[in-house]
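Colleague: I am new to reading protein models. Can you take me through this one, feature by feature?

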Amino acid sequence: MIEHQGIIASVSGNKLSVKILQESACSACHAKGSCMAADSKEKIVDITDFSGHYKINDLVTVEGKESMGYKAVLWAFVVPILILVAMLVLTTSVWNFGEIEAAMASIIALAPYYLALYLLRDKMANSFKFTIKNNH
């Protein structure tokens, strides 16, 4: 399970908005103050909760399935790289494009993919569900 500590930022009916601090793996390093690789970002995660136990500023643990992380990596990194490589191979070996034209065609080929992701964002959001670990 993926777990993050968070603070409830808002409660609206059965919808909770939880503020979590997303940190990089090296954020605990003693040298992070002088390292450019260390970063942390504040994120808001929306969670549906019907218990009614939570109020603003409650400290909670947000959890999600590990498979969600793998799915996110697939859609964000693996599929776009496959599209780029496939287009480079097609444009250089099959269609005999020059290098610059092949590179441009590969980048342009990502536009429909990202448009499809944008149009399917609500459906995809339903597959990335977080819950609150039972603190009560």
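Modeller: Start with the order of elements. This is a predicted model. Along the sequence, the protein runs β-β-β-β-α-α-α-β. That comes to three helices and five strands.

Colleague: How do I describe two packed helices?

Modeller: Give the angle between their axes and the distance between the axes. Here, take helix α1 (residues 66–94) and helix α2 (residues 99–119). Their axes come within 8 Å and cross at roughly 145 degrees. The crossing of α1 and α2 is right-handed.

Colleague: Which residues of α1 and α2 make the contact?

Modeller: On α1, they include Trp75, Val79, Ile83 and Met87. On α2, Ala102, Ile107, Leu110 and Tyr114 are among them. By class, the contact has 17 nonpolar, three polar and no charged residues.

Colleague: What should I look for inside a protein?

Modeller: In soluble globular proteins, nonpolar side chains tend to be buried together. In this model, the largest nonpolar core has ten residues. Ile8, Leu16, Val18, Ile20, Val45, Ile47, Tyr54, Val60, Val62 and Ile132 form this core.

Colleague: Which elements give two or more residues to this core?

Modeller: Strands β2 (15–23), β3 (40–48) and β4 (59–64) do. β2 gives the most, with three residues.

Colleague: How much of the protein is buried?

Modeller: Of its 136 residues, 24% count as buried; the cut-off is under 20% relative accessible area. The accessible surface is about 9,700 Å². Carbon and sulfur atoms account for 64% of that surface.

Definitions and conventions
Residues numbered from 1 in each chain as written. Predicted model: local features only at pLDDT ≥ 70, side-chain atom pairs only at ≥ 80, totals over all residues. Heavy atoms only, no water. Helix = DSSP H or I, 4+ residues; strand = E, 2+ residues; numbered from the N terminus. Buried < 20%, exposed > 50% of the residue type's maximum accessible area, 1.4 Å probe, protein only. Areas by Shrake-Rupley, 256 points an atom, 1.4 Å probe, with all protein chains shown as cover. Axes fitted to C-alpha atoms, helices over the stretch in contact; angles between N-to-C directions. Left-handed = near helix turned anticlockwise from the far one by under 90°. Contact = heavy atoms within 4.5 Å. Nonpolar A, V, L, I, M, F, W, Y, C, P; charged D, E, K, R; others polar. Core = buried A, V, L, I, M, F, W, Y, C linked by side-chain atoms within 4.5 Å.
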